[in-house]
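Good morning, colleagues. Please look at the sequence and the structure as they come up.

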Amino acid sequence: MSEQDKRDCNLIVISVVENFASKHNMSSKDVLVLFKQHNLLETIRSQYAVLHMLDLDEAEEFAEEVLQGKAS
């Protein structure tokens, strides 16, 4: 993964965390704890090739689905 891809991946993770926090009235810190408990940060990073082509709202929906057990 190039340095630019790594930066883009980090931006996707940040966006997903912030959008999820806003949607669920949670702090970003609490979302990070939740995502770490479910290994979701690494899951999002591992799906970068797909997620970077989607709207950021869809990346957040992906996180929701993973937490609900609908995606793998």
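Predicted model: local features only at pLDDT ≥ 70, side-chain atom pairs only at ≥ 80, totals over all residues.

I begin with the core. The largest nonpolar core has 18 residues. Which elements give two or more residues to this core? They are H1, H2, H3, helix H4, which covers 48–51, and H5. H1 provides the largest share, seven residues. Inside the core, the residues with the most contacts are Val16, Phe35 and Ile44. As general background, nonpolar side chains in soluble globular proteins tend to be buried together.

Let us take Ile44 from that group. If we leave aside its neighbours within four places in sequence, Ile44 is in contact with Ile12, Val13, Val16, Phe35, Leu51 and Ala63.

Phe35 brings me to the aromatic rings. The structure holds one aromatic pair. Its members are Phe20 and Phe35, arranged edge-to-face, with 5.2 Å from centre to centre and 70 degrees between the planes. The pair links distant parts of the chain, 15 residues apart: Phe20 lies in helix H1, residues 3–23, and Phe35 in helix H2, residues 28–37. Are these two residues buried or exposed? Both Phe20 and Phe35 are buried.

Phe20 also takes part in the next feature, the contact of H1 with H5. The axes of H1 and helix H5, residues 56–67, come within 9 Å and cross at roughly 70 degrees. An angle from 65 to 115 degrees counts as roughly perpendicular, and H1 and H5 are therefore roughly perpendicular to each other. On the H1 side, the contact is made by Ile12, Ser15, Val16, Asn19, Phe20 and Lys23. From H5 come Leu56, Asp57, Ala59, Glu60, Ala63, Glu64 and Leu67.

Finally, I turn to the loops. Most residues other than glycine have a negative phi. Asn25, however, has a positive phi, near 50 degrees. Asn25 is found in the loop between H1 and H2. With a relative accessibility of 74%, Asn25 counts as exposed, because the cut-off for that class is over 50%.

Asn39 also has a positive phi, near 55 degrees. Its place is in the loop between H2 and helix H3, which covers 40–46. How does Asn39 count at 47% relative accessibility? Asn39 counts as partly exposed.

Thank you for your attention.

Terms used:
Residues numbered from 1 in each chain as written. Heavy atoms only, no water. Phe/Tyr/Trp six-rings, centres within 6.5 Å; stacked < 30°, edge-to-face > 60°. Helix = DSSP H or I, 4+ residues; strand = E, 2+ residues; numbered from the N terminus. Buried < 20%, exposed > 50% of the residue type's maximum accessible area, 1.4 Å probe, protein only. Axes fitted to C-alpha atoms, helices over the stretch in contact; angles between N-to-C directions. Parallel < 35°, antiparallel > 145°, perpendicular 65-115°, else oblique. Contact = heavy atoms within 4.5 Å. Core = buried A, V, L, I, M, F, W, Y, C linked by side-chain atoms within 4.5 Å.
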